[in-house]
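Please read them with the structure open.

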Amino acid sequence: MTKPSLPDLLHAAVSAVGGTERPGQVAMAEAVGEAIDDNSHRLIQAGTGTGKSLGYLVPALAHGERVVVATATLALQRQLVERDLPRTVEALHPQLRRRPQFAMLKGRSNYLCLHRLHEGAPQDEEEGLFDQFEAATPTSKLGKDLLRLRDWADETETGDRDDLTPGVSDKAWAQISVSSRECLGATKCAYGAECFAEAARERAKLADVVVTNHALLAIDAIEGAPVLPQHEVLIVDEAHELVSRVTGVATGELTPGQVNRAVKRAAKLVDEKTADSLQTASESFERVMELALPGRLEEIPEDLGYALMALRDAARNVISAIGSTRDKSVHDEDAVRKQALAAVENIHSVAERITNGSEYDVVWYERHDRFGATLRVAPLSVSGLLREKLFEDRSVVLTSATLKLGGDFNGVAASLGLSPEGVEGDDVPVWKGLDVGSPFDYPKQGILYVAKHLATPGREGTRGDMMDELAELIEAAGGRTLGLFSSMRGAKAAAEELRGRLDNPILLQGEETLGELIKAFAADPKTCLFGTLSLWQGVDVPGPSCQLVVMDRIPFPRPDDPLMSARQKSVEEHGGNGFMAVAATHAALLMAQGAGRLVRASGDRGVVAVLDPRLATARYGSFLRATLPDFWYTTDRNQARRSLAAIDAGAQAEGK
């Protein structure tokens with residue numbers, strides 16, 4: 001039997017999901033198919049509306065070997081598993097003569113733990129060893145959540161937190177979930193045979209396509225113990241997020257509260273002398289942290305160094321001693337020991353990592369009004385890790401609507417540990433970039449307006465001229481505005497000011513769940529939605545409710561951001577342009593994602609307004625503009641208002 005052609009398979013899949021085949025989607029599917037056949041790597045930029053998930057799923061399913069698909073957002077994981085994969089598998093069955101299996105796999109703490117649910121979470125000493133279900137009053141929010149979780153445990157087939165609607169608080173979920181370090185292991189656990197996390201792993205082992213998230217992909221790469229099943233092909237969707245997700249997984253932190261909890265958990269399981277030494281080290285660490293000022297620690301201060309060495313050594317002694325001591329008064333000793341061990345091992349590993357002082361790590365203090373000081377350590381770069389762990393022994397396809405920054409793929413490629421396109425060498429993964437474009441006609445559908453006449457935004461203070469400009473644009477648009485701000489403080493200030501000046505309802509991120517805010521924004525064209533980072537890439541509102549996207553300023557990282565400034569300095573020390581490689585690249589990625597909120601369908605029209613004159617006047621402005629969709633460009637404020645008013649009038653005439 002002849003092998004079915006990729007275009008025929010794609011056509012069948014697109015018809016099954018009720019979509020329209022796009023030239024970019026065909027080009028993408030062929031490029032993914034080639035990469036899989038050649039065991040090579042691709043970076044593919046596929047604009048909104050391309051239908052990129054089918055562009056990679058069809059060649060992946062046709063391939064026949066196991067494929068892992070890693071995404072950044074829950075929404076895309078659900079779309080793949082609940083909609084795209086079931087329909088595509090059915091559509092391809094007549095030609096493939098098989099039905100490929102697929103499964104979702106997440107980190108262990110995303111699944112309900114039956115042991116925790118039935119035996120209770122080991123409690124810290126001052127709380128007493130009580131049953132958390134009894135302790136939380138049924139009328140409290142936590143009590144209601146826990147009772148609902150107990151009922152849900154009898155109904156759910158997956159135990160996956162994301163299948164629980166409505167969701168519960170992190171505090172409630174923590175009562176019935178465990179990290180991989182805290183897990184007893186299926187063979188030692190009384191509930192091992194029914195374990196949801198183990199069942200998910202088993203399904204993944206049997207699946208042809210495993211859908212996971214960037215964080216689990218990072219854990220799989222960093223920790224050395226394989227979590228994902230063996231696979232020949234890795235497809236990373238929303239790949240612009242990968243570096244920050246991997247950095248997050250590779251970041252360690254210590255707080256006095258966390259250390260205190262570990263001390264209390266370990267106290268019952270070791271002799272008094274060993275427990276006292278950890279307690280003393282904990283108190284020394286707490287005293288140092290009380291005086292901690294936020295910022296990077298280029299050298300570890302002497303007092304912190306001594307405190308960390310004491311913590312490291314005391315933690316190591318506890319880890320050695322925990323296995324041999326048995327306290328008969330401890331209920332469910334295995335679980336108590338495992339939780340204590342996990343807490344102390346984490347303290348030991350972070351304290352040791354910071355005292356070892358790698359030149360490839362960045363260490364800093366953070367201060368929070370409510371929670372006090374935190375000590376953090378993160379890798380200066382994850383590019384070497386990604387090059388070594390991601391691109392060996394498998395074909396990798398990375399795709400997103402925003403992978404070309406400033407007009408080429410090399411900036412994103414460098415952050416992934418790849419050399420410039422076309423460079424070959426013994427240890428250099430060879431890759432090709434492909435921009436399949438977008439089905440949208442950006443110059444006709446959208447305008448990029450830069451408010452060149454405004455004052456350059458400073459670090460502090462309100463921007464009166466910016467507020468006036470924003471109010472006028474919203475009035476011209478008749479509402480319909482998504483306001484993207486570089487800080488929560490800026491978003492709040494704008495919402496407060498404009499609620500007093502305009503008749504339009506203004507929703508503010510944080511005042512309701514993101515899902516509810518987006519629903520309310522989409523439902524009423526007169527409404528505006530203001531917010532910060534997660535809105536830059538989390539809003540998908542096609543149609544007339546979003547016809548003006550405003551960015552208050554170019555979203556450079558804060559100058560006092562320890563990790564970003566360290567990365568910038570490192571590039572400069574190696575002879576590069578740190579500002580362009582780090583700050584401008586960070587801003588370009590966010591601006592491209594933000595501008596991408598405007599045109600989500602072929603009938604959408606509107607304006608992206610950037611209220612920062614530097615986009616028009618600064619030398620780096622052309623680099624940032626080259627990253628944005630190819631909208632018609634203007635700095636004429638009257639033109640922007642006239643266009644918005646005309647778009648608003650058109651939408652009103654259609655009754656929208």
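1. The open sheet has 7 strands, paired in parallel, in the order β3-β4-β2-β5-β10-β1-β11. At its edges stand β3 (102-104) and β11 (431-435), each with a single partner strand, so one side of each has no neighbour in the sheet. From one strand to the next the twist averages 15°. Strands (E, at least two residues) and helices (H or I, at least four) are DSSP runs numbered from the N terminus, and two strands pair if DSSP finds at least two bridges between them.

2. The model is predicted: local features need pLDDT of at least 70, side-chain atom pairs count only at pLDDT 80 or more, and totals for chains, interfaces and linings use all residues. Residues are numbered from 1 along each chain as its sequence is written, and side-chain values use heavy atoms, with hydrogens and water left out.

3. Strands β5 (residues 233-236) and β10 (residues 395-400) run parallel and are joined by 4 bridges. Opposite I235 stands V397 in β10.

4. Helix α10 (residues 214-222) lies across β2, β4 and β5, at about 95° to β4.

5. In helix α21 (residues 514-523), L517, I518 and F521 are buried (under 20% relative accessible area; exposed is over 50%; 1.4 Å probe, protein chains only). Seen down the axis of α21, these buried residues fall within an arc of 95°, so they line one face of the helix (the arc is that of the directions from the helix axis to the C-beta atoms). K519 and A523, on the other side of α21, are exposed.

Terms used: Axes are lines fitted to C-alpha atoms, for helices over the stretch in contact, and angles run from 0 to 180 degrees between N-to-C directions. Contact means heavy atoms within 4.5 Å.
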